[in-house]
Amino acid sequence: MITPVYPPKPSPGDRIAVLSPGAGLPELFPRPHELGLRRLREDFGLEPVEYPTTRRMGATPQARADDIHAAFADPDIKAVIASIGGDDQITVLPLLDRELIRAHPKPFFGTSDNTNLLAFLHNTGIVGYHGATVMVQLGRPVAMDRLTADSLRAALFTSGPYELRPAQHWNDVDRDWADPATFETEPETRPGGDWIWRGADRVVEGRSWGGNLEILSWLLMADREIAPDPSAYDGGVLFLETSEELPSATEVYRILRNMGERGLLGRFPALLMGRAKTWSFDHPHTPQEAARYADEQRAAVERALAQYAPDTLAVFDVDFGHTDPQLVIPYGGTVRVDGPARRITVTY
C-alpha cells in the first residue's frame with residue numbers, strides 16, 4: 001500500500017476544477033451552485049472551471065470519469081472540488097486511470113459519496129480532503145459558517161498543523177433549494193458544545209482513513225479500494241460520519257461489527273465520529289427525536305468498539321460530516337488526537 005503524499009497547493013488566482021463525480025445536482029438546483037462558484041471567486045480568489053457533466057443529471061460513469069481525467073491532466077488546474085455527493089460514484093472507480101492521476105497529483109475536496117474518490121486517491125498515493133462541496137458548504141445561504149470557511153481556507157492554501165475546534169452552534173435541518181426564500185436568511189442553529197471523549201488517556205498520531213460510513217460499507221461489500229491486508233491501517237486514525245439517509249443505530253452497529261469481523265476496526269487506535277445528522281426531509285425529527293437518534297447512534301458505536309476495539313480512543317460529535325459547520329479532514333494525512341489535552345490537530 002502506497003503512503004499518500006500531500007499534493008501541491010493552489011494559490012489565489014489559480015483555476016480550480018468543479019466536478020460532479022456523483023450526482024449532477026447543479027442542473028436541478030442552480031442557486032446554491034452559482035452561489036458557491038461566486039464565493040470561490042470572490043472569497044477565495046480562485047477561478048472555478050466547470051466540465052461537461054458538472055451540471056448534467058444522469059451522466060454516465062464513463063463521462064464522469066472522463067471529466068476527472070481531464071481535470072487532473074490539465075496543468076492549469078491546481079485543485080479539484082466536487083459540486084455535491086450522490087449515490088453511485090462507486091461505478092466510476094473502475095473506469096479511472098490510476099497512473100494518469102498519480103502522475104498529476106492535485107488536492108481534491110469532497111464529502112459523502114465522494115468518499116469513493118477519496119479512498120481511490122488514498123490508494124493512489126495522494127492525500128485528499130474530506131470537506132467542503134460547492135453546493136452545500138460554499139453555497140450556504142447568506143454566508144459560509146466561519147469554522148467551515150477558516151478550515152477550507154487553511155486546507156486550500158496552507159501546509160502544516162491546524163487545530164480543529166468544537167462548534168458552539170450547529171445545524172442539520174435542511175431547507176428547500178428550489179425556494180428562493182431559502183437564500184434570504186441564514187440557517188437557524190442550535191447550541192453545540194465540547195466533543196465527547198472516550199478512553200482519552202493517551203495521544204494518538206497517525207494517517208487518517210474513513211469517510212462516510214454508508215459509502216465505506218458499499219466499498220467493503222464490493223471489495224473495492226479496501227486494502228487486502230488490514231495491517232495496512234495499523235496506527236491510523238479512523239474518521240466516520242453518517243448521511244442524511246439517517247441509518248438506524250442497528251445498521252451503524254452492524255457495519256462496524258462487520259468491519260470488526262474483517263479485522264479492520266481494531267487496527268485504529270483512535271476514532272473520530274462526526275456529529276450525527278438527525279434530520280431529513282423524509283425524517284423531520286422533533287428536537288427530542290433528534291437527540292434520541294444521536295444518543296442511540298453513539299451507543300451503537302461504543303458497543304462495537306467495546307467488542308472489537310476496546311482500547312481505541314474515541315471522540316464523538318466532531319463537526320466534519322453532514323452537519324453545518326463542516327471542518328475539513330485530510331484523507332490520508334496526519335491527524336493528532338491528544339486525549340489528555342482534549343485537542344485534535346490535523347495537518348493540511
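This passage describes a six-stranded sheet and two helices, α2 and α9, in a predicted model. Because the model is predicted, local features need pLDDT of at least 70 and side-chain atom pairs count only at pLDDT 80 or more, whereas totals for chains, interfaces and linings use all residues. Residues are numbered from 1 along each chain as its sequence is written, and side-chain values use heavy atoms, with hydrogens and water left out.

The six strands form an open sheet in the order β2-β1-β3-β4-β5-β14, with mixed pairing; strands are DSSP runs of E of at least two residues and helices are runs of H or I of at least four, both numbered from the N terminus, and two strands pair if DSSP finds at least two bridges between them. At the edges stand β2 (47-50) and β14 (329-331), each with a single partner strand, so one side of each is left without a neighbour in the sheet. Strand β1 (residues 15-19) pairs with β3 (residues 77-82) in the parallel sense over five bridges, and Ala 17 stands opposite Val 80 in β3.

For helix α9 (residues 287-308), 22 residues at 1.5 Å a residue should span 32 Å, and the end C-alpha atoms are 32 Å apart, which agrees; the expected span is 1.5 Å times one less than the number of residues. Among the buried residues of α9 are Tyr 293, Gln 297, Arg 298 and Leu 305, where buried means under 20% relative accessible area with a 1.4 Å probe, protein chains only. Seen down the axis of α9, the buried residues fall within an arc of 150°, so they line one face of the helix, the arc being that of the directions from the helix axis to the C-beta atoms.

Conventions:
Contact means heavy atoms within 4.5 Å. Axes are lines fitted to C-alpha atoms, for helices over the stretch in contact, and angles run from 0 to 180 degrees between N-to-C directions. Buried means under 20% relative accessible area, exposed over 50%, partly exposed in between (1.4 Å probe, protein chains only).
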